[in-house]
Amino acid sequence: MAGNSLILIGSSMDCLSGEPIEAVLAQWPAKDRPSVTRITLTQAAQDDTILDRCRTAWIITDGSESAQLHEVIARLQDRHRAAIISRPFESLPIGSTYQDNIAVAPLDAPPLAICAMLRTIHTQSEIIRALLMEIEILNAHNGGLATQFDKIDEELRLAAQLQREFLPGQVKPVAGIDFRVLFRPASYVSGDIYDVIQLDERHIGFFIADAVGHGVPAALMTVYIKRSLRTGKRMDDAGKEIRIIPPAEALAHLNRDMVRQQQGHVRFATACYGIIDCETRMLSFARAGHPYPLILRADGTHEWLEPEGGLLGVFPDETFETANIQLKEGDRLLLYSDGFEVAFPDVLSKTGKKSRMANDAYTEEFKALANGTLDEAFGRLARKLDEQSGSLNQVDDLTAVLVSIGEKPVIDQPCLKLADTADV
């Protein structure tokens with residue numbers, strides 16, 4: 001515990017005497033006035049024990065900001081001592097903060113006001129000291145937490161970068177079939193994933209999946225889904241032709257793998273997987289609980305693809321239906337995640353007020369993707385999303401894959417047929 005003395009610390013002993021100083025001390029009632037010790041900054045800097053014996057300090061300087069002044073203030077702060085400082089020609093009002101634990105008291109202020117500051121600090125010194133120690137501990141904890149948050153932030157940014165590197169880069173047109181992707185995670189990493197795979201010279205596979213939840217757990221599941229989706233295999237070791245696994249069978253394999261990997265915790269996902277024959281423009285397609293893909297026909301009509309299929313990772317014997325659709329030049333196929341169902345939330349309810357419930361406003365935006373080039377179409381969609389309230393803190397991950405069927409080139413390679421596309 002500190003002593004009961006009041007210590008006056010000056011640039012010189014001359015600073016510690018005179019009418020202003022004595023006028024302030026005279027305002028302190030004699031019955032509870034502490035003993036007063038007067039020392040110079042040099043003495044205070046050289047002898048630590050002097051500061052240990054005081055309860056309150058009053059620093060009076062000649063106006064210079066010497067190294068000794070800052071050293072003494074630092075030592076008072078280390079001991080959690082509150083003090084006041086008086087300087088000539090002070091521009092700050094009385095009670096202002098000079099540094100942590102140090103308040104300003106201009107010598108031209110009323111002596112009674114300066115004395116009141118000194119008496120308050122002196123009588124409450126132990127409480128102030130305890131509070132300052134608590135603040136120091138909290139700051140130390142806060143610094144540790146800030147370091148941990150910075151570390152987590154850095155790791156999540158790295159995870160986001162790795163996830164994007166894991167996704168296909170710019171997808172080049174293949175045999176007149178072109179792709180565009182919009183990928184917007186709700187957080188650092190996404191629970192959505194997509195891929196475009198050239199299965200052979202003639203067939204292109206593409207899929208989109210949405211793992212339950214958000215953030216890192218969902219992102220880890222998407223990595224598993226991407227690695228586990230079987231698209232083709234060799235019939236034997238003799239190097240015979242590759243058998244392309246049809247979409248329904250691929251989803252069935254993936255579903256069984258996900259169920260088998262679970263250990264008492266059901267983690268499910270939705271997905272769509274399709275294969276396009278670049279020569280015939282025939283689409284073979286299957287879905288697993290995912291929102292219905294949309295075909296935008298060149299003639300201005302549209303249709304939803306609705307093959308049956310349950311969620312991935314729930315029932316090991318789930319079956320998935322195959323849809324075979326003939327695509328034509330100028331058609332576009334859109335696959336998307338369910339985040340779009342809440343991405344355009346502001347609709348008028350029956351009362352005429354805006355409602356933030358899920359709605360089908362997004363379908364109108366999807367239909368507009370039939371117009372313009374792929375870049376123009378997705379550019380409009382991106383701007384529409386940016387205009388929505390809450391777009392800077394979106395509710396769900398957003399992913400969309402737009403497939404454009406262009407002019408068919410001549411393909412000389414032999415046809416590799418898909419295996420039987422009956423329901424699996």
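The mean pLDDT of the chain is 84, with 88% of the residues reaching 70 or more. Where pLDDT is low, predicted coordinates should not be read in detail.

The largest nonpolar core comprises 51 residues, of which Phe179, Phe206, Leu283 and Val403 touch the most other members. When residues up to four places away in sequence are excluded, the contacts of Phe206 include Phe179, Leu283 and Val403. Phe206 also touches Cys272, Tyr273, Gly274, Ile275 and Ile276, as well as Leu333 and Leu335, and its remaining partners are Asp195 and Val196. In soluble globular proteins, nonpolar side chains tend to be buried together.

At the surface, a nonpolar patch is formed by Val212, Val266, Phe268, Leu311, Val314 and Phe315, which together present about 480 Å² of accessible area. Leu311 is located in the loop between strand S15 (302-304) and strand S16 (323-326). Leu311 is classed as partly exposed because its relative accessible area is 30%.

Asp396 occupies the loop that connects helix H10 (374-387) with strand S20 (398-405). With a relative accessible area of 14%, Asp396 is buried. Apart from neighbours within four places in sequence, Asp396 is in contact with Ala186, His214, Asp338 and Gly339.

Conventions: Residues are numbered from 1 along each chain as its sequence is written. This is a predicted model: local features need pLDDT of at least 70, side-chain atom pairs count only at pLDDT 80 or more; totals for chains, interfaces and linings use all residues. Side-chain values use heavy atoms; hydrogens and water are left out. Helices (H or I, at least four residues) and strands (E, at least two) are DSSP runs, numbered from the N terminus. Buried means under 20% relative accessible area, exposed over 50%, partly exposed in between (1.4 Å probe, protein chains only). Contact means heavy atoms within 4.5 Å. Patches are made of residues with over 30% relative accessible area and no salt bridge: like charges are joined within 9 Å, nonpolar side chains (Val, Leu, Ile, Met, Phe, Trp, Tyr) within 5 Å. Accessible areas come from the Shrake-Rupley method with a 1.4 Å probe; for residues, only the protein chains shown count as cover. A salt bridge is a side-chain nitrogen of Lys or Arg within 4 Å of a carboxyl oxygen of Asp or Glu. pLDDT is the predictor's confidence in each residue, from 0 to 100. A nonpolar core is a set of buried Ala, Val, Leu, Ile, Met, Phe, Trp, Tyr and Cys residues joined through side-chain atoms within 4.5 Å.
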